[in-house]
Amino acid sequence: MERGDKDFDRYIASTDSLLQTQFAKQERLFEEHPSLSTRYRQYRRGNTLWQQAFCFGQARFNAERFQLPEAACQYAYKTFWTKLESPLTLHRETSGFLRDYLDDAIGRHNNTYGLKLTDYISEIVENDEELEVLNRLKEWEKTAMEAINQASTMEEKQRIANEENAKHIDLIEAAGKILNSPKAQKFMHEKALLYKMKYQEHSLDSLGAKPFLKSLWFAQQVYEELEHQRVPLPERVLDTMKVMIGNPTAIQMIEKKNDYYVALANREFDKLVLKSSDDVKDLSEGEALLRKLLEPYKGKFVLLDVWGTWCGPCKEALSHSQEEYDRLKDFDIAFLYLANRSPQESWENVIKEYNVSGENVAHYNLPSEQQSAIERHLDIRSFPTYKLFDRNGNMLDLDIDARDLDDLVKLLQQMQ
């Protein structure tokens, strides 16, 4: 299918025709060779079915909003989902189909959880002063909404909302700092994760998923969460998820992964490589910010690495950092890292995990507005992105990829 092709009826017919044709050929083969075992026949038929199931699951990425139309969803349910057989690992393509089908089936429902941080004030504040600010915010939101709801027209509602926001701008800003604090955001993420798992459990039950498949799905979700965040799960969250997973082998796998990140969080490392953003707190323009960050390294080459804790290729590249430093040790070069949308704890753990540290290494985790300004200035559209600056702080108009160390070494040799 072409991307954007909406003719899923034609695609369904074509898949069905292909399956029936292949099954018919197999039946003729079995008639011609009656000595073929029943086990082989089942495997051959299943292999055909799940190859087509995998392709059908991938077809969702050609649909609007990457979601199968209702008719295609029903066909996938009837033709593939209800034909699942144990062991699920017998055919390689089964896991791919399950990933795509369940992502689609779960995602087609409204999965907004209705979570509000102001409903959990006591769990996110650091002191009585923050508690008082958020209680005032909550009370103001209640009275403001009452006034807005009493207005008879949309224009009147908007006027009241604008006036209320203007009158309480100081309260909104003070509360915003608390609600966007690392503690509050971490709490919200954990709460949303539990809501998400409960929601997915409901969706899987509605599909008639068997206990083993539910365990497999939840274990995969938790494992991917640990891989993505690179921080251990709080005990209360982990205990809830273990109950949902149920399967002892899967629980053991999750506990082992979680213990790894517990140990990582407790590991000491050289925090001198973590630089404060205080020196640039009054700057907002991308070029000025970048110039200020490069200032301490005048007289050196600077290799800039723009990455994020959420980015798999970025973390893969960082895992080779010590090799990179060793290969480039003969060049007078500094390594400057800017993190995109990376929670503080995850950021520190990735740096520790891959030992991204050294005498000429500096890491910044700037406020999102400043990071975005630098990325706009550098026209960064993918991650990781690398830029090389000369000894005077000027960016070189070169296509740099620190993952190709051979080419980078040759380039630096030519520039010495």
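Visitor: Over which ring does the charged end of R341 sit?

Guide: Welcome! Keep in mind that this is a predicted model. To read this feature, look for a charged side-chain end placed over a ring. Here, the charged end of R341 lies over the ring of W310, 4.7 Å from the ring's centre. Another case is R45, whose charged end sits over the ring of F23 at 3.8 Å from its centre.

Visitor: How many aromatic pairs does the structure hold?

Guide: It holds 15 aromatic pairs. One of them joins F56 and Y75, with 5.3 Å from centre to centre and 40° between the planes, a tilted arrangement. This pair links distant parts of the chain: F56 belongs to helix α2 (residues 38-58) and Y75 to helix α3 (residues 70-79), 19 residues apart.

Visitor: Are F56 and Y75 buried or exposed?

Guide: Both F56 and Y75 are buried.

Visitor: Why is the pair of F61 and F66 tilted?

Guide: Compare the planes of the two rings. Planes under 30 degrees apart count as stacked and those over 60 as edge-to-face, with the rest tilted. The planes of F61 and F66 stand at 55°, so this pair is tilted; the ring centres are 6.1 Å apart.

Visitor: And how do we read the accessibility of these two residues?

Guide: Partly exposed is the class between under 20% (buried) and over 50% (exposed). F61 counts as partly exposed because its relative accessibility is 29%. F66, at 42%, is also partly exposed.

Conventions. Residues numbered from 1 in each chain as written. Predicted model: local features only at pLDDT ≥ 70, side-chain atom pairs only at ≥ 80, totals over all residues. Heavy atoms only, no water. Phe/Tyr/Trp six-rings, centres within 6.5 Å; stacked < 30°, edge-to-face > 60°. Helix = DSSP H or I, 4+ residues; strand = E, 2+ residues; numbered from the N terminus. Buried < 20%, exposed > 50% of the residue type's maximum accessible area, 1.4 Å probe, protein only. Lys NZ or Arg CZ within 6 Å of the ring centre and 35° of its normal.
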